[in-house]
Each structure stands twice: as structure tokens, then as C-alpha cells.
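Please open the model in a viewer and keep the sequence beside it.

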Amino acid sequence: MSIYYVDSPVGRLALEADHDAVTGVRWAGRGERAVDGRPSPLLEEARRQLARYFAGRLERFDLPLAQRGTDFQKRVWAMMCNIPYGETATYGGLAMALGSGPRAVGMACGRNPIPIIVPCHRVLGAGGTEGGYSGGRGLATKRQLLALEGVVFE
């Protein structure tokens, strides 16, 4: 596994890859240091696409992904990838499409190993409430990502 650290508007991120696919994006812990300062070509491309996303110049990521999870989680994550930039869906709406319950969808969102690229921040609670967010600074990070895409909460 290779790891590359990048600074972003939502904090320092650790980009992870195995062979030819991105396997993770996570918020780096304090004191984490990159062992190898040179990223693989794949992680450099992930960094470039994230930089374009944060600059408002990329609406859809085009990276090979390899998420580890249950079949249900993978179906939820695939559905999240189909939520367009600047739009949102609800836990209940995704659950209905999957024949499941909103809590199960929320749990799958919380276990998303590739946040931002797999846009779990675009999934909201009933009536457009924020719901939850397990990355970065929690709901503040979710609001920041949504605001970047033009979705603002009052």
C-alpha cells in the first residue's frame, strides 16, 4: 500500500492506494509523516483531481477505486457516486432504491473508505437535514464540502 499526504481546505488528507486503485482517503492524524515523499502516478493523479475539485474546476472524479466492504456497502457507495455535483440525496431515498432502511444506508455512508471522491457528504437526512458526517471536523466539514458545491444550509 502506498500513502501520500496532501493539504486541503478541509484538512490534511492521507491518500491511499494498492497497486492500480485508490483504496482510501482519510484525515491524517497529528504527527503522521510521509515515508516516501514521491507519490505513485495514481496518487499524484488523485492529488491533482482533488486540487481541481477544491478549486471548483472538477465535478466528477475519474479514478480507479477499490473499496473494501460488504456487498451492501458497495451498492450504497456506487449510488453515492451517481449523485451529481451540487445536488443531494437522502438516506431514506437511497434506502428506498436499495430496498433497505435509512439507518443501514447511514452506516454504509459512515464506513465509506474514500470520502470526498465517493461523495458521502451529498447524502442528507429526512427533509434536507444535515444528518451526520464522520470525516474531518464532522458536520462542519460536510457543510464546507457542500458549500464548495453550491449547497448551503441556512
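Which residues of helix 3 (residues 91-98) are buried? Select Tyr91, Leu94, Ala95 and Leu98, which are the buried residues of this helix. Buried means under 20% relative accessible area and exposed over 50%, with partly exposed in between (1.4 Å probe, protein chains only). Helices (H or I, at least four residues) and strands (E, at least two) are DSSP runs, numbered from the N terminus.

Before continuing, note that this is a predicted model, in which local features need pLDDT of at least 70, side-chain atom pairs count only at pLDDT 80 or more, and totals for chains, interfaces and linings use all residues. Residues are numbered from 1 along each chain as its sequence is written, and side-chain values use heavy atoms, with hydrogens and water left out.

**Helix 3**

Turn the view to look down the axis of helix 3: its buried residues fall within an arc of 100°, so they line one face of the helix. The arc is that of the directions from the helix axis to the C-beta atoms. On the other side, select Met96 and Ala97, which are exposed. Next, display helix 2, strand 4, helix 4 (102-110), strand 5 and helix 5, against which the buried residues of helix 3 pack; contact means heavy atoms within 4.5 Å. Glycine 99 follows helix 3 and has a positive phi, near 70°.

**Aromatic pairs**

Rings of Phe, Tyr and Trp (its six-membered ring) pair if their centres lie within 6.5 Å; planes under 30 degrees apart count as stacked, over 60 as edge-to-face and the rest as tilted. The count by this rule is four aromatic pairs. Select tryptophan 27 and tyrosine 133: their ring centres are 6.3 Å apart and their planes stand at 85°, so this pair is edge-to-face. Tryptophan 27 belongs to strand 3 (residues 21-27), while tyrosine 133 is in the loop between strand 5 (123-124) and helix 5 (139-148), 106 residues apart. Tyrosine 133 is buried, at 14% relative accessibility.

Move on to tyrosine 53 and tyrosine 85, an edge-to-face pair with 6.2 Å from centre to centre and 85° between the planes. Tyrosine 53 lies in helix 1 (residues 41-54) and tyrosine 85 in the loop between helix 2 (71-81) and strand 4 (89-90), so the pair ties together parts 32 residues apart in sequence. Tyrosine 53 is buried at 0% relative accessible area, and tyrosine 85 is buried at 17%.
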